[in-house]
Amino acid sequence: MNKILKLALVLFLVCAVTAGILGGINELTKDRIAEINRLATIAAYSTVLKADGYDLVEADMSDFPTVDKISRATNGAGHVVELTVSGAQGLITIAVGVAPDYTCTGISIIDHSETSGLGANAAAESDVGRNFRAQFVGADESVALSKFGGAIDALSGATITSNAVTTAVATAIRAVMALG
Amino acid sequence: MNIKNQFKEGLITNNPVLVQQIGMCATMAITTTLFNGIGMGLSVLIILTCCNVVISALRKIIPNEIRLAIFVVVIAGFVTIVDLLLQAFIPALSKSLGVFIPLIVVNCIIIGRAEAFCQKNTVGASFFDGIFQGFGYTCVLIIMCVARELLGSGRFGGGLIDVANGFRFTLDGTGSGVQIFPAEYGASILNLPFGGFITLGMLIAVMQYALKKSKKKKELAARLVLEEAERKEAEA
């Protein structure tokens, strides 16, 4: 019995010290991390929809399970929808700007783990990436890949990624329409 | 065990990836750009060194029955510290390595060294073991990154070297790298996880060949000495 108590005590002490140190480090870094995340979000949002601020919209999004959140631009330029969809390798987090006339004003890929050189081109700051994303400007909710009768050219070798992005744009526009 | 020997072990004769063949998952997954490789290698080096020192300092008071639980708590603690610091100070690296930083908790290099080395050796020896094993790991990552990046997309130093605005080093992950030959001519298969397996396999093969050869050479030298001694004895 004593043996077990001693083991538990040692393990507890090691855990307690570790937890204490981690708490301290978290306290030191959390403001910085929150600020970095806020700036990253603003940077991503302003590339899809020009505005000086964004207010989160409270709405029931149970019909659109891939939509994470919708923000309304304070200057009335429209909405920014943030979605998480399944790509070829993992989840893709994407921001889609939607104008008041329900067309897409631009997209930005915030986070992804697509294949480097293929699907990752969708998010790349290269001509291929910029051209791919520029195709979505002005698209409406019927947007689709050319393979499925739409106007969007898929990235070569990355149909799954391209389709995921296209579907996300269509979902974003429908979600804003549902807001009314 | 002296420092020189430990250095040789970490880098060559007992290299964590090429000889012990542990910690392979992250090795194959993240070696796509030099930025990732150096970042991951240094993160592991720092975590490994800290864990080695703490575990070997505690080795007399850690009860044998729960040593693995304590190792995991210590390792997870250091990994979380490094993860938080990276998020706060080098966000681009944290973003590009993604889940592989938290996954260092279950990287067997660290728990393997704790189990095989630190619980039997002094704090000083464990400290150097951490540095040298981490350095050996970093070297392998760098070789793999350079090979995969160059042959796969014709680039060198992606994410780390920025040539668009004059030649400079960046830590924000935006550097495009030096384009050695056009990306279209690269074997982009090397950028895929599959290419990681092939590159790693080649490296291990080269390492095994070199180790075997040097072993044979040593055996040959030993035999010559022996024969010489026998001959002299016979003459006498």
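In chain B, residues Ile3(B), Gln6(B), Phe7(B), Glu9(B), Gly10(B) and Leu11(B) of helix α1(B) meet Phe128(B), Asp129(B), Phe132(B), Gln133(B), Phe135(B), Gly136(B) and Cys139(B) of helix α7(B). Residues are in contact if their C-beta atoms, placed from the backbone, lie within 7 Å. Of the residues in this contact, 7 are nonpolar, 4 polar and 2 charged. (Ala, Val, Leu, Ile, Met, Phe, Trp, Tyr, Cys and Pro count as nonpolar, Asp, Glu, Lys and Arg as charged, and the others, Gly among them, as polar.)

The model is predicted: local features need pLDDT of at least 70 and side-chain atom pairs 80 or more, while totals for chains, interfaces and linings use all residues. Residues are numbered from 1 along each chain as its sequence is written, and chains are lettered from A and ligands numbered from 1 in the order in which they are written.

**Helix packing**
- Helix α1 (residues 3–13) and helix α7 (residues 123–153) of chain B pack at about 30 degrees, with axes 7 Å apart.
- α1(B) and α7(B) are therefore roughly parallel (angles under 35 degrees count as such).

**Val19(B)**
- Val19(B) sits in the loop between α1 and α2 (24–30) of chain B.
- Beyond neighbours within four places in sequence, Val19(B) is in contact with Thr13(B), Asn14(B) and Met207(B).

**Between chains**
- In chain A, 19 residues are in contact with 23 residues of chain B.
- The chain A side has 10 nonpolar, 7 polar and 2 charged residues.

Methods: Axes are lines fitted to C-alpha atoms, for helices over the stretch in contact, and angles run from 0 to 180 degrees between N-to-C directions. Helices (H or I, at least four residues) and strands (E, at least two) are DSSP runs, numbered from the N terminus. Angles under 35 degrees count as roughly parallel, over 145 as roughly antiparallel, 65 to 115 as roughly perpendicular and the rest as oblique. Two residues are in contact if their C-beta atoms, placed from the backbone, lie within 7 Å.
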